[in-house]
Amino acid sequence: MSEIFVLVDHVDGTVRKTTGELLTLARRLGTPSAVFIGSGADSAQAYLAKFGAEKVYVLDAPELTEYLVAPKAEALAELVSSKQPGAVLISSSAEGKEIAGRLAIKTESGLITDAVDVRAGGDGVETTQSVFAGNFTVEATVTKGTPIVAVKPNSAAPEESPAAGALEPVSVTISDAAKTAKITDSKPRAATGRPELTEAAIVVSGGRGTGGDFSQVEAFADSLGAAVGASRAAVDSGWYPHSFQVGQTGKTVSPQLYVANGISGAIQHRAGMQTSKTIVAVNKDEEAPIFELVDFGVVGDLKEVLPQATDEVNKRKG
Amino acid sequence: MNIVVCVKYVPDATADRSFDSSDSTVDREGVDGLLSELDEYAVEQALLAAEDGDGEVTVLTVGPADAADAVRKALQMGADKGVHVEDDDIAGSDAVATSLILAKALGTLEYDLVFFGMSSTDGTMGVVPTMVAERLGLPAVTYGSEITVDGSTVTVRRDGDVATETITATAPAVVSVTDQSGEPRYPSFKGIMAAKKKPVEDLTLSDLGIDASEVGLGAAWTKVLSFAPRPPRSAGEIVTDEGDGGTKLAEFLASKKFV
Ligand SMILES: Cc1cc2nc3c(=O)[nH]c(=O)nc-3n(C[C@H](O)[C@H](O)[C@H](O)COP(=O)(O)OP(=O)(O)OC[C@H]3O[C@@H](n4cnc5c(N)ncnc54)[C@H](O)[C@@H]3O)c2cc1C
Ligand SMILES: Cc1cc2nc3c(=O)[nH]c(=O)nc-3n(C[C@H](O)[C@H](O)[C@H](O)COP(=O)(O)OP(=O)(O)OC[C@H]3O[C@@H](n4cnc5c(N)ncnc54)[C@H](O)[C@@H]3O)c2cc1C
């Protein structure tokens, strides 16, 4: 079985859930090897082994994090050239896609982004993408080089499959050419205490219909243990930070349950949530396009509906 | 400061976009095209960055004959001249080939900075800016929500997944711009009239020294095996709030085991 690379998505060694998903998908293609870039591999090792990484390549050097993606792509490309894996899976975040793009050029390989499924097929690695705001499903394959696939969060349920997870340090030298876009300042985002938007099983979002007050949306989210999202109209009005925006130019979410409150359902918003398993909306306009998508909808004022629903949920939880 | 802005001509996202069943590429016949809305933000930032200098803003597109519309729109907004790479052999190019054509076209132009949108509204890959930077060996400062150009230094604020970062590079460099960077201007009447006289250079693959076998559908390193419309969602249950909407909502969630 060929070796399949999974680029680990982590913050200082704390591995994000998408990596477990990628390792699970990688096992369909061959034997997963995790590629860990940066510091903290020791704290990541147990997680990576649990989800099936036979090896963990560790690439650690200060330059890898002092500059924007180019050094990471360079180090990864070298490892790909020497190990010749059967495929490289990367999470389809802004940074992941940039690394994937550079890797494609460096290794002369085809690239597929925003995949929602990956499997071994007759033509090699086959992928499914959800395109045109989720209105079409496309199956594709890579025909040249090492298939590089950027996979969206929540594309598979992480399944444990214990493996050795042996750490294998790899020496890296970064060229001056890769050290040109310097990160001069980094302010970590304050934790909200809620699940991460792209990883959450339930997302409760608010739009212009909140009128700027997200307290009812947040209270309802908390009753369900959900992440909070927002439409661009709410973000542009300064009511909620951009990092919580759902849609074409925000995050794509694909949770078990998505609840849209005071959101009309514009195509660009749908692009970020249309693949959610169950969709619920609260909107006072019965003609709102969001109702075309829903499994359950309430035509009504969210200021009345949400507090009542929150109380009821809290009561049922006992 | 001379700036090139790369813009894409795309099918209107609010229309019914589809695929051409003969070759699985985007159906450009059935739907009107336009300048990708996200590239308007790049044009705006390029115009602002060039405002108090004596440089020029050149708008560059790779696309079919109608893509001239996208160039014209950017000229109406205030760009000085246009370059349109058009060749039948380009049809069906993947991201790798598109980045090759853009890199070669940039090789014929003089620039300090190259501006891009954060992603197109059709392919939405968000990889072309970095791929072009990779090919040209240029620094790339990407997903800028705030762009500052000071002499030959470009600085962007980038609202990443886990942190807000400040990133700087020295020209020549590639910059990509998000829709958080500031509303793009509308073309003024004066701008629309002036655009008619602005020069647009048409280039073909042979002008750029690219062999037809390097680009287009046949040369793509990825292949579409099939495409299908997403099955319509089955109609859901819709209730009107009569004082019990919240309770009904909670009951639905409980019936689906979310509570
Ligand atoms: C290039 C581009 C990219 C974009 N990217 C995104 C994106 O990533 N994400 C995104 O969301 N949008 C995006 N948009 C914007 C998108 O087109 C819409 O403008 C936006 O989604 C609208 O937000 P909204 O639904 O909150 O507001 P509106 O469309 O104004 O809808 C508000 C809704 O709230 C309802 N309402 C009002 N008051 C109440 C109340 N008291 N109780 C219940 N309901 C109420 C109204 O009936 C209405 O349906 C993008 C647009 C463009 C052009
Ligand atoms: C639904 C769909 C799915 C696709 N999936 C894949 C895939 O998985 N792999 C693959 O290799 N190709 C894929 N393609 C093809 C790919 O989208 C095109 O090759 C495209 O030229 C480059 O990608 P993009 O539009 O996503 O650009 P992005 O990388 O999203 O574009 C970012 C920026 O680059 C600039 N830019 C992009 N294209 C041009 C242009 N033609 N002229 C000038 N500037 C430009 C713009 O500034 C734009 O804002 C797909 C196309 C579609 C329609």
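1. Let me start with the contact between the two chains. Chain A brings 86 residues to it and chain B brings 77 residues, where contact means heavy atoms within 4.5 Å. Please keep in mind that this is a predicted model, in which local features need pLDDT of at least 70, side-chain atom pairs count only at pLDDT 80 or more, and totals for chains, interfaces and linings use all residues. Residues are numbered from 1 along each chain as its sequence is written, chains are lettered from A and ligands numbered from 1 in the order in which they are written, and side-chain values use heavy atoms, with hydrogens and water left out.

2. About 7,000 Å² is buried between chain A and chain B, and carbon and sulfur atoms give 58% of that area. Buried area here is the accessible area (1.4 Å probe) that two parts lose on being put together, summed over both.

3. How many salt bridges are there between chain A and chain B? The count is five, taking a salt bridge as a side-chain nitrogen of Lys or Arg within 4 Å of a carboxyl oxygen of Asp or Glu. One of them joins B:Asp179 to A:Arg232, at 2.5 Å from N to O. On the chain A side of the contact, helix H5 (residues 94–107) gives the most, with nine residues; helices (H or I, at least four residues) and strands (E, at least two) are DSSP runs, numbered from the N terminus.

4. A strand pairing also crosses between the chains. Strand E9 (residues 136–142) of chain A and strand E15 (residues 222–229) of chain B run antiparallel and are joined by seven bridges; two strands pair if DSSP finds at least two bridges between them. Within this pairing, A:Thr141 has B:Lys223 as its bridge partner.

5. Ligand 1 lies between chains A and B. An oxygen atom of ligand 1 is 2.6 Å from an N or O atom in the side chain of A:Ser264, and for the side chain of A:Gln268 the corresponding distance is 2.7 Å.

6. Ligand 2 lies between chains A and B as well, with 31 residues surrounding it. A polar backbone atom of B:Cys6 is 2.7 Å from an oxygen atom of ligand 2, while from chain A a polar side-chain atom of A:Gln129 lies 3.1 Å from an oxygen atom of this ligand.

Terms used. A residue is near a molecule or strand if one of its heavy atoms lies within 4 Å of it. A polar contact is a pair of N or O atoms within 3.5 Å; within protein, one must be able to donate a hydrogen and the other to accept it, and residues adjacent in sequence count only if both atoms are side-chain atoms.
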